[in-house]
Amino acid sequence: KDFNLSNEKDAQASGSDENLERGNWSNKADYLLSMVGYAVGLGNVWRFPYLTYQNGGGAFLIPYTLMLALAGLPLFFMECSLGQFASLGPVSVWRILPLFQGVGITMVIISTFVTIYYNVIIAYALYYLFASFQKVLPWSDCFSWADEFCSKTRLVSDCNATLDGEIIHANYSFITNNNLTCMNGSINYKPVQFPSEQYWNKVTLQRSSGLDETGNIVWYLALCLLLSWMIVGAALFKGIKSSGKVVYFTALFPYVILLILLVRGATLEGARDGIEYYIGTQSNITKLMEAEVWKDAATQIFYSLSVAWGGLVALSSYNKFHNNCYSDAIMVCVTNCLTSIFAGFAIFSILGHMAFVSKRPVSEVVDSGFDLAFVAYPEALSKLPVSPLWSFLFFFMLVLLGLDSQFASIETLTTTIHDIYPEAMKKLRVPITLGVCILLFFLGLICVTQAGIYWVNLIDHFCAGWGILIAAVLEIIGIVYIYGGNRFIEDIEMMIGKKSRLFWLWWRACWFFITPVLLMAILVWSLVTFSTPTYGSVLYPTWGTVVGWCMIIFCVIWIPVIAIVKIAKAEGNLCQRIVSCCRPAANWGPYLECHRGERYSHVVDPKNEKEHEIPTVSGFIY
């Protein structure tokens with residue numbers, strides 16, 4: 001044992017791989033930056049600031065921080081520990097509890113769906129990036145592509161005014177011709193669209209009337225999508241060895257751009273108004289009495305940290321066994337949340353300037369999601385001096401934020417393939433990785449048709465919602481209540497060393513009670529408040545909603561299917577079979593023999609599939 005530990009220390013000191021079969025991160029910085037890049041994504045920039053403004057300004061940070069501590073961090077730490085302990089991806093790691101292996105498959109399938117449309121969003125950002133290489137931004141005015149509703153300013157339609165002591169309602173031309181003044185609060189505006197909005201719909205998307213009208217493939221978006229997949233494939237052709245180096249740029253440079261945008265935004269007129277709308281001159285504490293605020297905080301934390309997607313397990317599986325995953329989890333979670341807060345200042349300072357220039361309240365220029373990234377913010381940037389430069393920086397930041405999240409998602413898929421077919425993956429890593437990218441590119445072509453934005457919204461509405469919540473609830477219940485929370489803590493202590501009972505008090509409270517209850521509450525809330533998907537004012541046809549339900553059913557159906565297969569393959573009566581499937585497989589434990597110690601001295605070789613307690617089904621479940 002001492003000899004093995006000595007060899008392990010030598011390997012760590014020399015920076016060589018501890019696990020020669022699967023490989024390890026070249027160094028800790030590669031791993032941490034990959035985790036930060038995975039967790040910090042587009043939602044930090046285009047969703048969190050809007051939620052903060054909408055839910056009481058600075059007061060929103062109270063439920064946000066509490067939800068980080070109660071739901072986000074416990075799950076994040078659990079998944080990092082799980083992947084690192086077994087050195088396995090999100091499917092094979094369920095040797096810990098064979099009955100729940102379908103949870104891992106659900107995670108991988110949902111990640112696949114999300115990966116398809118996430119790269120389409122990167123393609124949108126790439127298109128705007130290239131469009132910024134012009135002296136005049138193409139969405140800065142109503143050019144030839146615009147219709148009669150396009151206008152850079154709001155046009156008054158009619159209002160109330162006082163004439164000869166009486167209040168009258170008249171059109172605006174009558175008001176101006178008679179030198180009258182509109183009464184406050186009575187002004188009605190003509191239905192106009194800003195140039196950035198029409199450019200997004202008419203030029204970028206060539207958006208059709210609805211999901212029923214597929215239209216043609218938008219060729220320049222298809223080329224941008226191809227370029228995006230080429231970048232992903234090039235970054236991952238050597239697995240974590242290559243992606244671990246690329247993230248030094250893709251994970252760090254967005255912070256440089258955010259800082260540049262913040263400094264520029266803070267020097268603009270009206271920036272203070274934007275910041276005050278963001279955090280509030282006086283935070284609205286009474287908002288904390290509304291359940292919706294707490295639900296928004298919990299869901300934002302949950303999705304922002306990327307828990308239950310399988311990526312955290314996959315990335316952590318390449319760590320060396322004695323890496324301190326506890327401190328890593330805290331550092332990545334805190335970095336993610338601080339990034340969200342920091343991004344809010346950069347976004348709202350420039351939106352405040354836009355409100356000042358267009359003489360509108362900040363509330364009318366603030367938005368979230370696609371409308372913030374591709375309508376409101378580009379509109380604001382077009383009003384700045386040297387606007388192409390700021391536009392380039394902003395969309396370059398969006399591309400980088402999207403890419404490093406995409407790297408981890410694809411690594412999740414390739415890790416799963418590696419765990420199932422390790423020999424094939426060792427010999428054919430490059431063609432398999434490229435094959436995955438090519439396949440997902442073709443599957444994503446439906447999202448760059450004229451109805452593409454409706455498909456992106458549909459997949460996001462269904463797949464990135466309940467499926468992840470269901471997987472997270474079953475994950476924590478399975479590990480804590482069936483495998484055993486205290487047993488899992490002993491596994492973690494094999495990696496990070498013995499800790500006091502006081503150290504584990506908080507984690508036990510979260511894992512055993514608080515986090516499962518919160519996740520169940522969010523899941524039930526989501527089901528109760530479900531509404532059919534819409535994109536703006538466009539309603540989806542019935543068949544579109546049915547397709548959405550089919551997608552989510554396809555994702556989660558594997559949970560009961562795999563459980564039934566496991567029980568059918570086990571021996572004994574029904575009760576004995578269920579109990580057998582609720583025990584760890586014979587090959588569950590640390591991947592390398594030198595790490596197993598006395599607790600796992602009985603473990604069979606994880607690489608020898610014939611010795612698995614659970615039989616193989618179609619080469620996938622084992």
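**Entry 1**

I started at Asp164, which counts as exposed at 75% relative accessibility; for my notes, exposed means over 50% relative accessible area, buried under 20%, and partly exposed in between, with a 1.4 Å probe and protein chains only. This is a predicted model, in which local features need pLDDT of at least 70 and side-chain atom pairs count only at pLDDT 80 or more, while totals for chains, interfaces and linings use all residues. Residues are numbered from 1 along each chain as its sequence is written, and side-chain values use heavy atoms, with hydrogens and water left out.

I looked up the backbone of Asp164 next: phi is near 55°, a positive value in a residue other than glycine. Asp164 sits in the loop between strand 1 (156–163) and strand 2 (166–171). Helices (H or I, at least four residues) and strands (E, at least two) are DSSP runs, numbered from the N terminus.

Ala308 also has a positive phi, about 70°, and is not a glycine. I found Ala308 in the loop between helix 13 and helix 14 (311–316). Is Ala308 buried or exposed? Ala308 is buried, at 0% relative accessibility.

**Entry 1**

I checked two of the listed residues. Gly37 belongs to helix 2 (residues 28–39) and is buried at 2% relative accessibility. Skipping neighbours within four places in sequence, Gly37 is in contact (heavy atoms within 4.5 Å) with Ala251, Leu401, Asp404 and Ser405. Ser304 is in helix 13 (residues 291–304) and is buried, with a relative accessible area of 7%.

**Entry 2: helix 10 against helix 17**

How do helix 10 and helix 17 cross? The axes of helix 10 (residues 240–250) and helix 17 (residues 387–420) come within 10 Å and cross at roughly 160°. Axes are lines fitted to C-alpha atoms, for helices over the stretch in contact, with angles from 0 to 180 degrees between N-to-C directions. The two helices are therefore roughly antiparallel, a label for angles over 145 degrees. I noted the residues making the contact: Ile240, Ser243, Val246, Val247, Phe249 and Thr250 from helix 10, and Phe396, Leu400, Asp404, Phe407 and Glu411 from helix 17.

**Entry 3: the core**

I then looked at the largest nonpolar core, which has 200 residues. Such a core is a set of buried Ala, Val, Leu, Ile, Met, Phe, Trp, Tyr and Cys residues joined through side-chain atoms within 4.5 Å. Phe76, Tyr124, Trp200, Phe370 and Trp511 have the most contacts inside it. Helix 6 (residues 101–131) supplies the largest share, 22 residues. Apart from this core lies another of 6 residues, including Cys159, Ala170, Ile175 and Cys182.

I looked up Phe76 too: leaving out neighbours within four places in sequence, its contacts include Met35, Leu305 and Cys333.

Terms used
Angles under 35 degrees count as roughly parallel, over 145 as roughly antiparallel, 65 to 115 as roughly perpendicular and the rest as oblique.
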